[in-house]
Structure formats: structure tokens, C-alpha cells
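Please keep the sequence and the three-dimensional structure in view while reading.

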Amino acid sequence: MIQRWMKKKSQLPLIALLFFLFILSSLLYYERNIQEIHQDPSLKHPSLLESTAPSNFSIPKGPPEVLDRFTKCRSTVKYIGRKARWDVQEEELNRRRGNEENCDFFSGKWVFDNSSYPLYNESDCPYMSDQLACHKHGRPDLGYQYRRWQPHNCNLKRWNVTEMWEKLRGKRLMFVGDSLNRGQWISMVCLLQSVIPVDKRSMSPNAHLTIFRAEEYNATVEFLWAPLLVDSNSDDPVNHRLDERIMQPDSVLRHACQWEHADILVFNTYLWWRQGPVKLLWSSEGDGVCEEIDGLGGMELAMEAWANWVASNVNPLEKQVFFVTMSPTHLWSREWETSEGNCYNEKTPINNEGYWGSGSDLPTMRMLERVLNSLSSKVSVINITQLSDYRKDGHPSIYRKFWETLSPEQLSNPVSYSDCIHWCLPGVPDVWNELLFQFL
């Protein structure tokens, strides 16, 4: 009896130890679960959500954090007509600036002026793009560099580089948009850089945001690649040639976090909307289902999202905002003469006042007018479209380098390989910047 009791007594410490370990492990298990619940809301038990959330509470699915060139639509459906949130008040519509100039600087003609133009030499600008350096790449004529825009009944303010730098002192000037806006940015840098000592200026590497800096003026001239203005899978400044173009039509957040800090903003968008349908992936959806819409409809949604940001965030007393209208193309010479070709070998402007080619889409222009009219107290419009439409002679055609120099076979086939979209520098974009100088 005593022996049996002693045997039981000897087992008690072991049982107590096992019981203690069981309690400890249970506590650790529940503590770990509690930590996981706090770290990941998706691990909460449904009954907990139901007991603490209001009846109309819903967890947003959430889109991919960033659209990039690898983003794909899981499936595609027809666009159902949803609109981005549009906060501009009705009374804002059709409001015009009270201090508009009487002169229409956008109506006029091109005159030959080889005494004042070009405003800089192509070879003197170290930041010139090979895509736009037409003379360097073999263009034999220089007439395209000697054209001055002359408005009817008034004159443009003459370009003054020192005055422009004074306007920019202590400020950030940022161009935002596609490759046409990048051409205008390069033009502006070439117009400005000559008076800055080499050791007092710098250019950041080509990236989503590229910055030219002038130390003595504490100023920057920047370019932000945002071809659709809204967030999209084409926002990589290099790798953006994609079969499927996807955008978030209600979000400008990726780009706005960059442009909101600039003092002077110059926006554009157009060319990329002319390349067929686009896919919409709304920021409130995370299931990968896209809606397909035509280019003009997609551009209208993007413009309204951009306009919503401007209406909500821009104080005209603190920030100047400009929008540059459509840059026209010259793809079909039959539109200005009885021949089959394009802009290749064109040496003079179109003299037919009021000319409007197919490269300047009228429905797009009307849509832009509607959206921009709603922002007329906050956005100044630089209407480059018709004045540029006259300049069939201003494009690089085959005289350019894009990634690689054109081969002899390509050079012998200018109808297929001419660039009749972008503009030679010095050239037409310099006048766009003269207009900007006029309105600053």
C-alpha cells in the first residue's frame, strides 16, 4: 500500500509539468492568433466584423497597387457607361477669365524670318534628342527652322531668356504628358540652357521624372512621363509599347504625387488615344475584369479625372496650370495637295488659312473645350492645334534616329518609315514655348 502510494507520488511532478506545458502552449497559440488578426484584417472571424462594423460597411477589393507593363486583364467586358467622380460645380461651367487678352495669339500665319530664327542652334544644345535633331541626321533644307508665328493684329512677346529665368527663379516648371510634351520640354531646355554655366547646371538621368536644374536661379525644368495623365500600364518611360493598353480612369495618384509639388504645370495628352480601344480597370475593383472603350471615350474619362484633381487641388494664386491642345499629324499629303505621300520632302507650310487636317480630330477638340471650359478660372489653354496644322514641313520624316538609325532600305521607303508625328528642333515646339512665355 505504502509502495503504491509512493509510486503515485513520484508521478505527480511529471503530470504537473505536462499540464503546465499544455497551458503555456495554449496561451502562446492564442497570442499568436491575436497578433495575426491585428496584422491582417482578412483573418478576422466574420462574426467579429459583423458585431463591430456598421450595416453598410464593405471591404474594398482593391486594385493592383501599381499598374505596370505586366498587368493583364483577367477578362474584358463592354464599357457600361460608368463615370469617374466629377466634382466641378455647375456654376463653374463656361466661366471665363476676366483678364483675357483681346488678341487671339493662336490665329495668324507663319512668316519666313532668318534674321531672328532659329532661337538656338541644334548643335549647341547638349540635351537635344536624336529623334528630333533632323539636320544632324541628314535633313538637307533648313527652312523649317526660320519660321516665325505672326498672330493677326498683334505681336507675340519676343523671347528673352534672362526674363524667362527670372520668371522661373525659385520655381519648378514641369511638363507632364507624352512624347510630344517631352519634345516641348527639350525645346524649353535648349532655349534656356545657353546662359547657365556648365558647372551650374545638371540633368538627371532619363526616368519617369527627368529634371534639368539651374543652380544660380534655384529653378528646375522637368518632364514627367504620363501619356494618358491617369495611371496606366504604359507609365514606364522606356518599356511602354504594349499590345493591351490598360488604365485606371478614376486615378491620377501615381503622377499627381509628383506634379502636385510643381509651381508651373504644362499638361498634354492626345496621341495615345488615337491608337485604338483602351481597357478600363477601375480603382474600386480588384477582380481583374476590364471594360473596353474607344479612344475618345477613354480620353474623356481621363480628362475628367484630371480635371477633378485640378478643381480640388489648384489655387491659381499659388500654382499656374496650362493645357496644351492636340499636336496634329501630317500622314496623308492628299489632304493638302493632289498627291499620295506624307510629310516627307515637304519644305513649306500650308498657306490655306483655316486648314484642318484629319490629324486634328474635331470631336476630341470639342470634348477638350467642354472639359477645359469648366476649369477656365484655374487652367490656361495654349491652343497649338491649328497653327501647328499649317506646318506640314516641320516633322522629322526620315531624318531622325529612334533607338537605331534607319537602314538604307528604310530610308528608301519614306512613305512607310517617315515620322510625321513629332517635330524637328529647332522648330514648331519653340513657338509653343514662346506662347507659354507670353502667358506666364
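A crossing of two helices is left-handed if the near helix is turned anticlockwise from the far one by less than a right angle, and right-handed if clockwise. The structure is a predicted model, in which local features need pLDDT of at least 70 and side-chain atom pairs count only at pLDDT 80 or more, while totals for chains, interfaces and linings use all residues. Residues are numbered from 1 along each chain as its sequence is written, and side-chain values use heavy atoms, with hydrogens and water left out.

**The chain as a whole**

The protein chain has 11 helices and 15 strands. These elements are DSSP runs numbered from the N terminus, with helices being H or I of at least four residues and strands being E of at least two. Of the 440 residues in the chain, 47% are buried. Here buried means under 20% relative accessible area, exposed means over 50%, and partly exposed lies in between, with a 1.4 Å probe and protein chains only. Among contacts with a separation of 6 or more, 78% are between residues 24 or more positions apart; a contact means heavy atoms within 4.5 Å.

**Helix α7 and its surroundings**

Helix α7 covers residues 362-373, which are 12 residues. The distance from its first C-alpha to its last is 16 Å, close to the 16 Å expected at 1.5 Å a residue. The expected span is 1.5 Å times one less than the number of residues. Its buried residues are T364, M365, M367, L368, V371, L372 and N373. An α-helix has 3.6 residues a turn, so residues three or four places apart point the same way. The buried residues of α7 pack against α6 (295-313), β12 (320-324), β13 (379-382) and α8 (385-389).

**Two pairs of packed helices**

Two packed helices are described by the angle between their axes and the distance between the axes. The axes are lines fitted to C-alpha atoms, for helices over the stretch in contact, and the angles run from 0 to 180 degrees between N-to-C directions. Angles under 35 degrees count as roughly parallel, over 145 as roughly antiparallel, 65 to 115 as roughly perpendicular and the rest as oblique.

How do α6 and α7 lie relative to each other? Their axes come within 10 Å and cross at roughly 15°, and the two helices are therefore roughly parallel. The crossing in which α6 passes α7 is right-handed. From α6, the contact involves L296, M299, E300, M303, E304, W306 and A307, and from α7 it involves P363, T364, M367, L368, R370, V371 and L372. By class, this contact has 10 nonpolar, 1 polar and 3 charged residues. Ala, Val, Leu, Ile, Met, Phe, Trp, Tyr, Cys and Pro count as nonpolar, Asp, Glu, Lys and Arg as charged, and the others, Gly among them, as polar.

Helix α3 (residues 161-168) packs with α4 at an angle of about 115°, with the axes 10 Å apart. These two helices are therefore roughly perpendicular to each other. V161, M164, W165 and L168 in α3 meet M188, L191 and L192 in α4. This contact has 7 nonpolar, no polar and no charged residues.

**Residue N181**

N181 belongs to helix α4, which spans residues 179-192. Is N181 buried or exposed? With a relative accessible area of 1%, N181 is buried. Leaving aside neighbours within four places in sequence, N181 is in contact with F175, V176, F223, V266, F267 and N268. N181 and V266 are 85 residues apart in sequence, and their C-alpha atoms are 8.3 Å apart in space.

**Backbone features**

Most residues other than glycine have a negative phi, and most peptide bonds are trans.

| Feature | Value |
|---|---|
| Cis peptide bond, Y117 and P118 | omega about 5° |
| Cis peptide bond, L425 and P426 | omega about -5° |
| Positive phi, N345 | phi about 70° |
| Positive phi, S397 | phi about 45° |

P118 is in the loop between β2 (108-112) and β3 (147-151), and P426 is in the loop between α10 (414-417) and α11 (428-439). N345 lies in the loop between β12 and α7 and is partly exposed, at 48% relative accessibility. S397 is found in the loop between α8 and β14 (401-402) and is buried, with a relative accessible area of 3%.
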